[in-house]
Amino acid sequence: MKYKEEYERFKLTVTVIILILSAQSILFSYRVLDAILHFLLVWYYCTLTIRESILVINGSRMKGWWRINHFIATIQAGVIIVWPDGFMYDQFRKQFTLYTCYTSILQFLQFNYQQGCLYRLRALGERHKMDITIEGFHSWMWKGLSFLLPFLYIGYIFQLYNAYTLYNLSKDEKCVEWQVFVSAVIFFILFLGNTFTTSRVIHQKLTEKIVKTLIP
């Protein structure tokens, strides 16, 4: 339990720092600020995947796409950090910073609302004591957290838009960096995985609701 609490504090603290740094990068265009933000993202996702693996060994029920999601996010952050300064980087810089800022705000909201929801469900005996706050949407969030769904889908559309922008940049004759096309592919994979997994949960819950109304 102590390690789980440390994990939750770690997520909240680093998310707030990323939010502050990304907001500063939007206001001030300095490569040094960008580098600090990118290094922090790599370290954050690497540490997150390691801590989550330890939690799973100790009984946490985190599994499936949302674990893979963090591995992919680590790769994405690693690709961005080695992207050299230049015309292509400048073309995508502000969009990526806005995306990072938005996802940080979304993660902060998810953390706060999930904490309250998990506390209530644990008190009712409906959730395991090692269950943790996590990205995306899960079946146990249906009651109380469904209002977050529009914001999640906006984030997924943002990922698709990133993939679209990067793909178009990769076709530009000025583009010589491999990071552009690779980032486009990664963002598209994130969009597909997040959208499919969240939509599947919604379909499952709606189906259960319909069945309950039909069967007295």
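**Close-up views of a predicted model**

View 1. Why does L109 count as partly exposed? Its relative accessible area is 31%, and partly exposed covers the range between the buried limit of under 20% and the exposed limit of over 50%. Together with V16, I20, I105 and F108, L109 makes a nonpolar surface patch of about 360 Å². Two helices, α1 (2-27) and α4 (87-123), each supply at least two residues of this patch. The helix that gives the most is α4, with three residues.

View 2. Now we turn to N194, which lies in helix α7 (residues 178-214). Is N194 buried or exposed? N194 is buried, because its relative accessible area is 2% and the cut-off for buried is under 20%. Its side chain makes a polar contact with the side chain of Q159, at 3.1 Å. Looking beyond neighbours within four places in sequence, you will find N194 in contact with W65, W66, N69, Y156 and Q159.

**View 3. Helix α3, end to end.** Here is a quick check you can follow on the model. Helix α3 (residues 65-81) has 17 residues, and at 1.5 Å a residue these should span 24 Å. The end C-alpha atoms of α3 are 24 Å apart, which agrees. Buried residues in α3 include W65, W66 and N69, three residues that are also in contact with N194. Further along α3, the buried residues include H70, I72, A73, T74, Q76, A77, V79 and I80.

Key: Residues are numbered from 1 along each chain as its sequence is written. This is a predicted model: local features need pLDDT of at least 70, side-chain atom pairs count only at pLDDT 80 or more; totals for chains, interfaces and linings use all residues. Side-chain values use heavy atoms; hydrogens and water are left out. Patches are made of residues with over 30% relative accessible area and no salt bridge: like charges are joined within 9 Å, nonpolar side chains (Val, Leu, Ile, Met, Phe, Trp, Tyr) within 5 Å. Accessible areas come from the Shrake-Rupley method with a 1.4 Å probe; for residues, only the protein chains shown count as cover. A salt bridge is a side-chain nitrogen of Lys or Arg within 4 Å of a carboxyl oxygen of Asp or Glu. Helices (H or I, at least four residues) and strands (E, at least two) are DSSP runs, numbered from the N terminus. Buried means under 20% relative accessible area, exposed over 50%, partly exposed in between (1.4 Å probe, protein chains only). A polar contact is a pair of N or O atoms within 3.5 Å; within protein, one must be able to donate a hydrogen and the other to accept it, and residues adjacent in sequence count only if both atoms are side-chain atoms. Contact means heavy atoms within 4.5 Å. The expected span of a helix is 1.5 Å times one less than its number of residues.
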